[in-house]
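Look over the sequence and the fold below.

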Amino acid sequence: MIGSMKKFCKPLAIVTAVACLTGNLTGMQGKAFSKQAYKPEIGAVFLAAAAPLDDTSVPDGTSQPSGAPPDITPEPVRTPEPSDTPKPTDTPKPTDTPKPTNTPKPTNKPKPTKKPKQKLAFRISQKKNKITVKWNKLDDVSSYLFYLKEQGGKFRKTVIKKGTKRSFSVQYGKNYYVKMAVKNKRNKTFSRTGKYQIYVPEKVGTVHTVSMGKAKMKLTWQAVRKADYYYIYRKAAGQKNFALLGKRKRCTFVDEELKYNKDYSYKIIPVTERKGYGYKGRGRSKLFSNKKLVSDSHQKYTYTEMEGDIKSLVKKYYGMVHYKVIGKSADGRNIYDVIIGNQNAPKSILVISTLHAREYMASLVCMSQIEYYLQSSQEKIAGQPVEKVLNQIAVHYVPMANPDGVTISQSGFSGIKSAVLRKKLAKISDGDSVRWKANARGVDLNHNYPYKFKKSGKAGREGYSGKSASSEAETKAVISLIQTLKQRQLKGVINYHATGSIVFGGCTKKGKVKEDTQRMYDLARAVTGYADSAAYEKEHSGGVGSLREYIVYKQKIPSITLEVGWAACPGPISEFPAIWGRNRTLVLEEAMLFL
Ligand SMILES: [Zn+2]
């Protein structure tokens, strides 16, 4: 076989060209190629390169698979000599006849002086779903016979008198077969190729991306029928071309070389290999943002923004964060419970923020914490691996317990959708929407809880308790969440308010609740550096209808309250970096108290 190949110029030229490219292709794995530019349009270049190296690309007649065109060529006359070394140095001699001295057995017929047998060979290239078959030109040819079979059909023959290539389109995900034969001027088939299967795989289905920290992400995708492997390409925002990251047999790829605060685009291309050719299916692209989601650079972190961030975080950190809608405000906004970590963990803690409208800075703190803990899942905070902590204790957040109120403080009374509520608001308010503290019904939610409830104040004005305890939908939602979480060992509750940079954690009852509240309080003061509230709490005992007192005394769950910021509410965004610096790790550290 090798002997005949060597004598054969044209097929050899094709095979050699192919071999160079094939060398490229096989090296196209891992980091060596991470900088290789990829243009989807010219993807076929790689493919064309994927022709086999060995001589199976030019199969001889004897290895013809079944279903091949009839071979009229007589079997080549067997060279009689047993010595299988037809020395190549002997052949080029000007005397056309092989030296008889080489043949040890004199009884045999003299070797016929015949030209080396011409061999038909082709190579296949692909551009999207267009397949091109190119073959070598042979001498003394009357026609080339091109056979094509579609899945489920029969071979159809095309007689080609001129040219050395044939192109046709295929359907993705369907089998095709090609083979060729060639006839000489005497209408005898003298060479033919093997049968080649062509299969261009279908497009990759859904691609999922999951962030695994600041520099790491995981791609997963739906397997494609008959794909043997996948190429994974990446392009950073602003870059022109996709670069090959690697090749995977399984439908998963971890990229650990991300830059933070950059957007990326990935492309997955399925490849099916048939006889050494790699047929590329259509690529599926997927965007992945490695930027911080929760924006802390503008004054008003709105309900709508928060809602969008919650959904984006759930997508980005798939499986590590979940959310539930635990209730609806009077104006139809959702009260969210965002759960980070293992939602089935045996223990939990709860953070409730922004009962008071104008204190929305606290919602931004909570949402930033959620993102930060998710982003740090593969790292340590306060010496502990974050993922491990979150696996043992789920952290629940109600990041905006008064979404209607926040909307009023940020957008005015016109931000309320309900005409009925707006009409009432016009009546009960003193006109100042920015410093609004209550919900859209004018109730101060921190006076509406069923602990020492006392009907007091005037609707729309500070401290209005509502007509009865738990009269407000927002209150009911939080109470019901606490009751649910109690079944899962709710270890502690952190309340976020603003302003004053102070921590509250008094407890007049002795026992475990007091001890744990004290531990939470001490830790919060140590971490944030916020002021001691003991003196204040002595003077202002009571907590009529307030949430923290309800949790500590009625539900018997340890609880503290933090008042973030210094300036009057709504606090200016310029205070955020300092507030963030003090509160960044706090909730996770509080959770660690209960491991
Ligand atoms: Zn408050």
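Buried means under 20% relative accessible area, exposed means over 50%, and partly exposed lies in between, with a 1.4 Å probe and protein chains only. This is a predicted model, in which local features need pLDDT of at least 70 and side-chain atom pairs count only at pLDDT 80 or more, while totals for chains, interfaces and linings use all residues. Residues are numbered from 1 along each chain as its sequence is written, and side-chain values use heavy atoms, with hydrogens and water left out.

Take Lys-174 to begin. At 32% relative accessibility, Lys-174 counts as partly exposed. Lys-174 is found in the loop between S6 and strand S7 (175–184). Helices (H or I, at least four residues) and strands (E, at least two) are DSSP runs, numbered from the N terminus. The side chain of Lys-174 makes a polar contact with that of Gln-171, at 3.3 Å. A polar contact is a pair of N or O atoms within 3.5 Å; within protein, one must be able to donate a hydrogen and the other to accept it, and residues adjacent in sequence count only if both atoms are side-chain atoms. Setting aside neighbours within four places in sequence, Lys-174 is in contact (heavy atoms within 4.5 Å) with Gln-151, Ile-198, Tyr-199 and Val-200. Glu-150 lies 24 residues from Lys-174 in sequence, and the two C-alpha atoms are 7.7 Å apart.

Now the strands. S4 (residues 141–150) and S5 (residues 156–160) run antiparallel, joined by five bridges. Two strands pair if DSSP finds at least two bridges between them. Leu-148 has Arg-156 in S5 as its bridge partner. S4 and S5 form a hairpin with five residues between them. In the turn, Gly-152 has a positive phi of about 85°.

S6 belongs to an open sheet of three strands, in the order S2-S3-S6, with antiparallel pairing. Strands S2 (122–127) and S6 (165–169) stand at the edges with a single partner strand each, so one side of each has no neighbour in the sheet. Neighbouring strands of this sheet are turned by 20° against each other on average, direction ignored. Here axes are lines fitted to C-alpha atoms, for helices over the stretch in contact, and angles run from 0 to 180 degrees between N-to-C directions. S3 (residues 130–135) pairs with S6 over five bridges.

Arg-358 sits in the loop between strand S20 (347–353) and helix H5 (361–375). Arg-358 is buried, with a relative accessible area of 9%. The side chains of Arg-358 and Glu-462 make a polar contact at 3.4 Å. Beyond neighbours within four places in sequence, the contacts of Arg-358 include Ser-409, Trp-436 and Cys-569.

Finally, the whole chain. The chain has 14 helices and 26 strands. Of its 595 residues, 51% count as buried.
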